[in-house]
Amino acid sequence: MRNTRCPFCTMIFNDKHKFCNHIANKHNDQVPEEYEPLEWAYSLLVHKPVGRLCTECRKNYVHFNKETLKYCRICDDPACRESYVKKVKARMVNVYGKEHLLNDADMQRKMIYNHANARDYVWDENHTFRIIGTYEEDFLNKLKSLGWSPNDIVAPSPNNYWYKWKDGSTHLYIPDFYIISLNLEIEIKESNNTHPRMVHNREIEYLKDARMRKECDKTGLHYLKIVDKNYDEFIELYVKSDNNQPE
Ligand SMILES: [Zn+2]
Ligand SMILES: [Zn+2]
């Protein structure tokens, strides 16, 4: 963020969190009563009115996350989430243009859905996520504690990433979560994996990483692995940082 002067005093900031916290705390008396102080401060920073409309229906207002200081893209209406995911998938058809790959992807998604350890994580009465394992559950709990809107989370990611094994065969990687507002794919990992196929897995891990790095370089996507429930990097890079430019 470029240097921005506080509209109420002489202080100058180059970080959106510092700017917004300063206004919300030091100039709280300036905040109109009907607004949430951080959201109002953010509106001053970006010179836009308070509140944003859902990018799908353009009718309902979306949630403002006070931790990341970001607006969600889509509203609470399940139809908006559905149409958003549909668009992502349509984009995929254009990129790959191969019907059989998409059928494979659908099958793999069904397998994830029906996995023996898969279960529903109930966020609230309107939002349920299909997850496998306690590490993913822990991540959702973390997002909840950070004031996240469930409308901003897709599990597993709606995106398909195809990559090749050494033997030339094509395989599909589907990250565990996709955070819409951050354009961020998230992989949840457990380092203490004593599975006998570990060596093979390590190789696959390397190929997947390379695939994701390429995607990030090419498209500006973000990708993060969260290992053993350590959220330091996630918070450092995507919550408490200015990495996510004000918009
Ligand atoms: Zn000030
Ligand atoms: Zn909507």
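Modeller: In this predicted model, helix H1, residues 16–26, packs with helix H2, residues 37–46, at an angle of about 120°, and their axes are 8 Å apart. Because angles of 65 to 115 degrees count as roughly perpendicular and those over 145 as roughly antiparallel, H1 is oblique to H2. The crossing of H1 and H2 is right-handed.

On the H1 side, the residues that meet H2 are Lys16, Phe19, Cys20, Ile23 and Ala24. Their counterparts in H2 are Pro37, Leu38, Ala41, Tyr42, Leu44 and Leu45. Sorted by class, this contact of H1 with H2 comprises ten nonpolar residues, one charged residue and no polar residues.

Within this contact, Leu44 may be examined individually. Leu44 belongs to helix H2 and is among the H2 residues that meet H1. Once neighbours within four places in sequence are left aside, the contacts of Leu44 are Pro7 and Ile23. Ile23 itself is one of the H1 residues in the contact with H2. Along the chain, Leu44 and Ile23 are 21 residues apart, and 9.4 Å separates their C-alpha atoms. Is Leu44 buried or exposed, or something in between? Leu44 has 19 C-beta neighbours inside 10 Å and therefore counts as partly exposed, because a residue is buried if 20 or more other C-beta atoms lie within that distance of its own.

Conventions. Residues are numbered from 1 along each chain as its sequence is written. Chains are lettered from A and ligands numbered from 1 in the order in which they are written. This is a predicted model: local features need pLDDT of at least 70, side-chain atom pairs count only at pLDDT 80 or more; totals for chains, interfaces and linings use all residues. Axes are lines fitted to C-alpha atoms, for helices over the stretch in contact, and angles run from 0 to 180 degrees between N-to-C directions. Helices (H or I, at least four residues) and strands (E, at least two) are DSSP runs, numbered from the N terminus. Angles under 35 degrees count as roughly parallel, over 145 as roughly antiparallel, 65 to 115 as roughly perpendicular and the rest as oblique. A crossing is left-handed if the near helix is turned anticlockwise from the far one by less than a right angle, and right-handed if clockwise. Two residues are in contact if their C-beta atoms, placed from the backbone, lie within 7 Å. Ala, Val, Leu, Ile, Met, Phe, Trp, Tyr, Cys and Pro count as nonpolar, Asp, Glu, Lys and Arg as charged, and the others, Gly among them, as polar. A residue is buried if 20 or more other C-beta atoms lie within 10 Å of its own, exposed if 12 or fewer, and partly exposed in between; C-beta atoms are placed from the backbone.
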